[in-house]
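Subject: Structure for you to look through

Dear colleague,

I am handing over a structure to you with this email. Please open it beside the text and follow the residues as they come up.

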Amino acid sequence: MAESTAVKQKKEKKFSFKEYVLNIRNVESRDFGLDVVKVIAMVFVLSVHFFLYNGHYYSYIIGPNQATDFILTTIVRDLFFICVPLFLLVSGALSYYHPADLSKKHFVKITPIIVNSLIIGAFVIIYKLANATPGVEDPALTPYRLLQGLWSATLPSYGWYVNMYVTLFVFMPIIDIAYNSLDTQKKKTCMMIVFIVITFLPKALNQIKIEDQSLGVMPSYFAALLWPATYYVIGKYIREFSFKINRVLIGMLMVLCLIYQAIKVYLGGQGKTFYSSLYADNSDLITMITAVCFFLMVYNVNTKNKTIRSIFASLSSLTLSVYLLSWFGDQILHHKFGEIFSPTLTGFGDYFVAFLKVVPLNLVLSILAAYIVGVLIKLISRPLMKFMMNHSISDFFKSKKEKTPIKAIENK
């Protein structure tokens, strides 16, 4: 009787709306601060993409009369730009609880991310084909280009993050094994410093030119290769050696970094566009310092309120889907309804008004769509993960014919 009751309860728990749709589970044991950082980074992603469409990068000519508006707008842009570094810092922090290893289980875990990218990529193909101009051949819409966009995770264009993260995911076990093999904080500090020095410092120093020649301090090309891994290591280190910080001082340092970066771009781009100047990217030293400062101020916030914890846990599980799905909102709100939601902008006030029109609406629509896509991801990825965990590649090469047992041959 007891056994049948247990089986019945197991069947009843097979589908849980909270777990299957809202992704709310183990709320009490989750690191609330990291969920908060992920949700903020998700909002920052949509916010920084706003600058792709409002003319700030290309049409905004930097001149003396536009200094204040340009610097203020660039400060806001650079704050939002730390979204990807924040995601990577969270990944590193989470690895403190669940370090990666060279096992099948680790590599199988990438399945939902790949499935997510393929599903949304398929939606992008449908959208592009539906909006194609009849009778006009578009080289970007050939069958090969569309399929290539799927497996390279470049549909939508925001999918470059998936491509990068999958590569980092494969590299994570090597980083974690190396990091966890170090038995003292001093050694782990040295490892983190080595990553920072190799990745961020050369590029920052080589921007300084004397007689039109850079300083030539170490090769800068590691900045383009290792910056995701470096953020991952920093996040791991911060989570392990949590220490008290002065949020006021850290906040002031972050603000100074944002102001410095904006002024540097303004001075370096007189009479040019944003991209013609010394703008910050993800491998920039100041971007790293800004992101780490923000992370330090937020990552260890906490609350015992179960409702708040559940909301952030649910939203943090949608970050990748919202990130990719926001592309549709951007296409519709900026292009199809551009004059309503994102008209030609001339000053900081115009940016602010257009921002309030576009980003909150896109965020809400993307979150709602992400919950729907999330169910599809689970329906596809869970059976695949189960199959891969229960089978190996060698199983496909085994003969289906049963071999005669050795003992049976001996008896004959």
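Below I describe the chain as a whole, then a helix pair, a loop and a surface patch.

Please keep in mind that this is a predicted model, in which local features need pLDDT of at least 70 and side-chain atom pairs count only at pLDDT 80 or more, while totals for chains, interfaces and linings use all residues. Residues are numbered from 1 along each chain as its sequence is written, and side-chain values use heavy atoms, with hydrogens and water left out.

The chain has 19 helices and two strands, these being DSSP runs numbered from the N terminus (H or I, at least four residues, for helices; E, at least two, for strands). Of its 412 residues, 45% count as buried, where buried means under 20% relative accessible area, exposed means over 50%, and partly exposed lies in between (1.4 Å probe, protein chains only). The chain exposes about 22800 Å², of which carbon and sulfur atoms supply 66%; such areas come from the Shrake-Rupley method with a 1.4 Å probe, and for residues only the protein chains shown count as cover.

Helix α9 (residues 160-180) packs against helix α16 (residues 319-336) at an angle of about 145°, with the axes 10 Å apart; the axes are lines fitted to C-alpha atoms over the stretch in contact, and angles run from 0 to 180 degrees between N-to-C directions. W160, Y161 and V162 of α9 meet L320, Y323 and L324 of α16 in this contact, which is defined by heavy atoms within 4.5 Å.

Two details belong to the loop between α8 (143-151) and α9, where P156 is found and where A153 also sits. The peptide bond from L155 to P156 is cis, with omega near 0°, and A153, although not a glycine, has a positive phi near 60°. Most residues other than glycine have a negative phi, and most peptide bonds are trans. A153 counts as buried because its relative accessibility is 7%.

On the surface, F123, I126, L376, L379, I380, L384, F387 and M388 form a nonpolar patch with about 680 Å² of accessible area together. Patches take residues with over 30% relative accessible area and no salt bridge, joining nonpolar side chains (Val, Leu, Ile, Met, Phe, Trp, Tyr) within 5 Å and like charges within 9 Å; a salt bridge is a side-chain nitrogen of Lys or Arg within 4 Å of a carboxyl oxygen of Asp or Glu. Helix α18 gives the largest share, six residues. I380 lies in α18, and I380 counts as partly exposed because its relative accessibility is 39%.

With best wishes
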